[in-house]
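Please look through the sequence and the structure below before starting the exercises. Each exercise gives a task, and a worked solution follows it step by step.

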Amino acid sequence: MATLTESRKQSLRRALEAIVGKSAVLSDREELMVYESDGLTLFRALADFVAFPTSTEQVSALVKLASQEGLPFVARGAGTGLSGGCLPSEGGLVIALSRMTRILEVDYDNHLAVVEPGLVNLHLSWAVGPRGFYYAPDPSSQQACTIGGNIANNSGGPHTLKYGVTTNHVLGLEVVLPDGEVVWLGAKTREPQGYDLTGIFVGSEGTFGIATKIVVRLLRKPQAVKTVLAVFDEINRASEAVSAIIARGLVPAALEMIDQVTIQAVEDAFGCGYPRDAAAALLIELDGLAAGMEAQAAGVVAACMEAGAREVRTAKDEAERQLLWKGRKSAFGSYGRVSPAYMVMDGVIPRTKLPYVLRRVNEIVAAHGLRVGNVFHAGDGNLHPNILYDPRRPGEEARVVQAGAEILKVCAEVGGSISGEHGIGLEKMDYMPFIFSPADLATMHRVKEAFNPRGLCNPGKIFPTKKSCVEVGPGYRPHPIEEKGLAQRF
Amino acid sequence: MQSALLDQVRGIVGSEYVLTGVALSPYVLEGRTPGAAVFPGSVEEVGALLALASEEGIAVTPWGGGTKIAVGAPPKRLELVLGLRRLNRLLEHEPGDLTATAQGGITLDALESQLASRGQWLSLDPPFGEQATLGGILATNASGPRRHLYGTARDLLIGVMVVAADGSLVKGGGKVVKNVAGYDLPKLYIGSFGTLGVIVEATLKLRPLPDDDRLVVTSFERLKDCGQAVRLVLGSDLIPSAVDLLDGEALRGLGLADGGSAGGALLLGFDGMREQVEWQCEEAKRLLAGAVAQRVLEGGQRDSAWRLVREVGRRAFPDPAAQLRLAVLPTQVTEVIEQAGAVAQRSGLRAAFAAHAAVGIVTAVLAGGRDSAQPVIAALREWRELVRAAGGHAVLERAPLAVKEQVAVWDPPGPALRIMERIKTQLDPKGILNPGRFVGGI
Amino acid sequence: MAHASTLERLDSPHRLTMLEGVDEGVNKCIHCGLCLAYCPTYSELGTEMDSPRGRIYLIKSLAEGRIALTDSVVEHLSLCLDCRACETVCPSGVPYGQLIEAAKAEIERQRPGGPLRRLVRWVNLDLLLPRPRLLALAASALRFYQRSGLQQLVRATGLLRILPGTLSAWEALLPDLPPAHEREPLAEVIPADGARRARVGLLTGCVQAVVFGAHNRATVRVLTRNGAEVHVPRAQGCCGALHAHAGEHARAQELARRTIDAFEAASVEVVVVNTSGCGAHMKAYWHLLKDDPAYAERARALSLKVQDIAEFLAREPLRGPLAPVPMTATYHDPCHVVHGQKIRTQPRRLLSQIPGLTLVELNEADWCCGSAGLYNLTQPEMATRLQERKGRNILATGAEAVVTANPGCIIQIAQGLRAQGAAVKVLHLVEVLDAAYRRA
């Protein structure tokens with residue numbers, strides 16, 4: 001937490017108010033507290049101010065002010081992130097983009113839209129839906145998360161197996177750089193000249209600046225969709241079915257796995273029609289041309305049956321399909337019904353390693369005396385073990401963190417990654433050396449230096465701190481949260 | 001190049017892999033001859049060479065198959081050509097993971113044939129696949145017609161191993177299809193024309209080989225009708241893998257015309273399950289009923305037609321003078337082609353155009369055969385203006401030195417250049433990697 | 001904002017009596033944020049203190065003693081509509097309605113509102129609502145005010161502009177009162193028309209009975225045509241919902257006991273309610289009285305009998321004959337029907353059984369219109385923003401009528417449409433059903 005003197009705080013507040021107006025600046029402790037966490041409650045950090053700009057010019061002016069005053073700043077969308085990425089970990093200014101929610105332009109002929117960063121992901125698909133279009137990246141939090149936040153994290157979602165993640169759908173960005181200058185990276189047209197700065201900006205977790213306008217691709221809704229639910233009595237068989245589907249040369253739009261702990265929580269929440277006694281279920285969606293759809297569905301059914309599915313059924317109508325997806329997308333939230341807290345891991349592994357790694361995950365969690373629920377993008381090999389725990393029990397949180405680290409280590413060992421879509425943020429900084437060498441990290445740090453030489457823009461994220469022996473460059477300093485140890489939940 | 005230095009280079013790779021003197025003639029670039037060309041046989045050798053170059057301040061020009069070596073401003077310095085063709089192995093291919101890792105110097109065709117033996121392919125189809133290397137394709141962001149559905153290098157590359165300017169080995173991304181750990185470094189190396197590092201290994205997403213693959217060529221009386229046809233296709237349920245457009249001149253130059261008078265043609269690629277491909281060919285026929293002619297090509301005919309289209313820059317005219325790559329909004333494609341064609345006509349030049357119509361990428365070729373470069377220069381300048389006015393941009397992909405001296409290769413990238421320069425300084429502080437060839441003199 | 005000095009920790013935990021027992025509910029919130037985009041106040045303001053997740057965080061922090069009940073905390077909690085849209089989307093099952101009511105009760109206990117607001121609330125909550133006869137008297141005065149031309153005079157002269165904001169907001173919301181015969185009490189028992197399906201008690205409400213007596217009469221006609229023997233216990237009064245939402249906890253409990261007594265005496269199988277807030281509240285009597293040994297069980301039994309009018313009717317196909325009601329209509333979900341009682345498809349199913357009626361969907365149909373009990377009186381600014389938003393969405397449908405199922409919504413939406421100069425009719429579901437029966 002920052003240590004501004006009262007008089008400096010007053011004068012900064014006045015300067016902020018001069019930019020965004022009196023009603024668009026928060027500085028009272030109880031109001032700031034609401035902004036101290038994101039979707040991951042393991043960490044909390046209090047800002048000195050939260051400001052609510054409504055235009056690029058205001059964002060630029062805020063950033064220039066912060067830059068002049070040496071005040072750290074970080075952008076925040078809906079705060080649904082799962083890695084602590086938008087926390088003001090060194091105090092300073094939170095730039096909340098929740099008042100920049102407009103769709104500025106939709107160009108149906110060129111299949112693109114220009115939006116503001118605070119726009120809720122799903123609201124874009126709602127807006128263009130009546131004309132037969134949609135925005136493909138669909139994180140499970142898409143009903144609340146913002147497209148700006150998706151840019152920061154390069155968010156994925158269930159349908160990325162076929163359609164790719166956020167970066168595959170972003171053409172250009174208007175960005176406020178960490179010194180306040182406004183530049184365009186990329187454009188509405190393809191192959192803009194020079195380095196692919198759009199590509200490197202997406203997924204930079206808010207450390208390269210703040211996107212204020214975003215050009216995204218829109219896709220046409222597919223002619224046909226088929227959603228299949230395959231039910232298994234053994235989780236291993238479900239894992240094998242995943243490889244079997246891929247081996248048949250099928251590329252489903254989505255291929256999701258959901259285990260028994262999760263099924264029961266979801267059924268408690270919404271009664272979505274998953275069998276409560278199943279060890280695991282696969283939710284498989286095919287989309288595209290109507291021609292050949294039956295044959296593909298038959299291929300999926302056959303692959304699942306051969307792998308030992310107990311039951312395979314196809315959603316009979318759109319309502320049933322929506323209900324199955326509602327269950328899948330609400331899974332994380334549903335854990336609140338079976339446990340007072342959970343920590344979601346986000347490791348990625350080669351698909352073929354699924355049976356082995358799932359077994360290891362269960363062993364690790366059991367060894368720490370904890371429970372785990374699995375709901376994840378099996379087709380991508382993107383695991384989400386959700387370790388369930390009670391933060392009020394002494395020592396339990398530390399065991400969760402330890403188990404999480406061990407799981408990510410296994411993912412790294414089989415050639416995977418420590419994050420598929422949630423980002424590194426505060427949570428996984430110290431695990432970066434599991435998969436990156438000092439030279440890799442130094443290169444990343446140099447790129448950061450190019451965008452953010454003073455390090456004021458979202459400081460203290462991504463790069464490892466004490467545990468690593470990595471020297472990551474001149475901007476390095478120990479993280480305050482790390483010095484405090486793990487903050488208690490909430 | 002000093003002989004002591006050459007000895008050190010020879011010491012690293014062995015003297016049989018170092019070319020000097022007249023043997024360098026294939027590596028003459030924009031009229032300049034390098035001091036040496038060296039062909040390392042391992043990643044470690046690449047590292048040692050770059051460490052040496054960095055220490056000695058020698059300019060290094062990475063060189064794959066050389067198919068895109070003409071793209072770029074004349075080099076500030078041309079000293080050591082770093083040939084990568086010996087790094088030509090497929091390292092890993094696990095069909096169940098739909099990924100493969102290969103070395104940067106493998107040619108696209110060699111890679112594809114090995115992948116095909118296990119039922120998969122890398123969905124990139126740039127020109128000259130028999131020569132173009134994986135590293136070169138990535139470094140130049142080369143693409144082909146099927147980018148329409150399958151995307152470009154940035155959509156397929158999931159991990160990259162690069163030898164940095166100082167000779168250190170740097171990895172970006174990984175081997176799994178989804179990965180947001182750290183910055184997305186692979187994006188930075190794609191299309192960086194070797195100015196940030198030398199790509200020695202790449203991991204890519206693959207796709208299953210389609211059961212069936214056809215090319216539907218539909219000719220129209222006027223180019224405008226082609227544009228209308230593109231709009232119809234994009235508004236339909238069809239899912240073509242390629243949506244290319246050729247103007248009349250390109251159609252005739254490539255020998256793909258049905259009769260003599262067509263003003264242009266739309267080339268639709270359909271691949272996938274037989275049932276899907278058949279339905280799509282029928283649907284395309286129904287949708288484009290107003291066409292002059294329509295043919296469905298399969299097998300060898302299909303392959304050679306696509307090859308011609310990809311290589312339009314070299315094949316539209318026996319003696320092409322210059323090639324400009326334009327990027328505009330898809331809806332502007334036919335209009336820009338018409339205007340650019342009119343410009344050429346006024347200058348007394350012949351021009352041919354091919355476009356990946358639905359993504360707005362146009363290759364514009366000027367015929368040569370004249371003594372003076374002046375009309376070519378004038379036409380290129382006017383084209384540039386025209387694209388800029390349409391909100392797009394252009395790269396002069398090929399032109400004689402005399403033309404390049406008068407017409408900029410790259411458009412200025414705007415205020416973002418500042419960041420690009422800083423990235424270059426951070427990653428190549430001594431400026432040894434391909435100096436001067438890239439955007440803004442980088 | 002000059003309350004920085006009140007930041008010290010609260011040292012006496014017993015001061016937060018009303019927040020005891022919120023722990024379990026609060027701990028169900030895992031901070032996922034999926035509720036944010038469904039909260040009308042967050043959608044309008046973009047500030048997380050004015051979102052469900054933010055308010056839960058404030059309540060949690062209050063209960064833990066991390067913060068005190070400062071002006072700004074009170075302001076953010078008071079700005080909650082209590083529409084419970086967040087409950088519908090919450091995967092974690094946070095009982096948000098209970099939490100916010102506990103918080104409002106705590107606010108009311110610790111910091112009773114300003115003098116003017118106290119007066120308005122006293123007149124409404126303490127004086128008029130619990131006493132139907134007094135309310136009827138006030139209604140007569142109000143009717144005189146409207147019919148005498150005094151209302152037009154007051155509106156035209158701009159006299160309202162010099163009244164305090166709350167009062168002028170209130171004046172604008174006054175519905176046109178029905179004539180006296182529509183306000184006559186209903187018979188205590190009305191027999192079923194045709195085969196009897198159930199003994200049904202009808203909550204006639206307080207405001208409802210006076211302002212919308214016609215709705216109750218229509219409800220009775222529609223119920224009897226569908227086989228209900230309708231009982232209207234004289235002893236019933238206000239159900240106490242408004243009191244509970246306003247934080248008047250003790251008064252709410254007292255009114256609940258009275259209501260339970262009245263319907264127990266009538267020994268009905270079902271209690272039908274045609275106002276959303278009352279229905280949702282009565283379904284939660286079990287929670288309100290769970291610590292009252294004399295009433296806990298009885299409250300639970302009554303809660304189980306309560307059904308919204310649409311919920312009851314939609315259990316069977318409507319009994320015919322139904323005459324055509326030719327119009328294009330759209331349906332607005334009252335918060336405490338759709339979110340409070342999870343009744344979404346039933347009213348639509350009922351409307352779709354009416355010949356000649358074309359039902360079109362309303363964008364943000366389940367968003368609060370800004371009425372929200374007394375909200376439009378206490379938070380006129382936000383109420384107006386939501387009212388305008390609702391109006392825009394209704395106009396975008398092109399429907400001739402908007403159908404809903406709650407008097408508060410009807411007043412709020414009608415007034416909003418009037419302000420936007422729109423001629424769209426605003427009808428209670430039972431009015432439309434009744435019209436179909438009466439024309440047959």
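**Exercise 1: chain A against chain B**

Chain A and chain B bury about 6,400 Å² between them, of which carbon and sulfur atoms give 59%; buried area is the accessible area, found with a 1.4 Å probe, that two parts lose on being put together, summed over both. The model is a predicted one, in which local features need pLDDT of at least 70 and side-chain atom pairs count only at pLDDT 80 or more, while totals for chains, interfaces and linings use all residues. Residues are numbered from 1 along each chain as its sequence is written, chains are lettered from A and ligands numbered from 1 in the order in which they are written, and side-chain values use heavy atoms, with hydrogens and water left out.

Task: Describe which residues and elements of chain A make up the side that touches chain B.

Solution. Step one is to take the residues in contact (heavy atoms within 4.5 Å), and here chain A gives 83 residues and chain B gives 72 residues. Within chain A, the residues that lose the most area to chain B are Glu191(A), Gln193(A) and Tyr195(A), which together account for 15% of what that side buries.

Step two turns to pairs of residues. The rule finds seven salt bridges across the interface of chain A and chain B, a salt bridge being a side-chain nitrogen of Lys or Arg within 4 Å of a carboxyl oxygen of Asp or Glu. One salt bridge joins the side chains of Asp179(A) and Arg418(B), at 3.0 Å from N to O. Residue pairs in polar contact, both at pLDDT 80 or more, number 27 between chain A and chain B; such a contact is a pair of N or O atoms within 3.5 Å, where within protein one must be able to donate a hydrogen and the other to accept it, and residues adjacent in sequence count only if both atoms are side-chain atoms.

Step three asks for the elements, where helices (H or I, at least four residues) and strands (E, at least two) are DSSP runs numbered from the N terminus. Strand S9 (182–186), helix H7 (197–201), helix H10 (293–306) and helix H15 (438–451) of chain A each supply at least two residues of the side that touches chain B, and H15(A) gives the most, with ten residues.

**Exercise 2: two domains of chain C**

Step two concerns area. About 1,500 Å² is buried between domain 1 of chain C and domain 2 of chain C, with 57% given by carbon and sulfur atoms. Glu44(C), Leu81(C) and Thr88(C) supply 38% of the area that domain 1 of chain C buries here, more than any other three residues.

Step three looks at pairs and elements. Two salt bridges are found across this interface of chain C, and Glu44(C) also meets Arg385(C) in a salt bridge between their side chains (2.9 Å, N to O).
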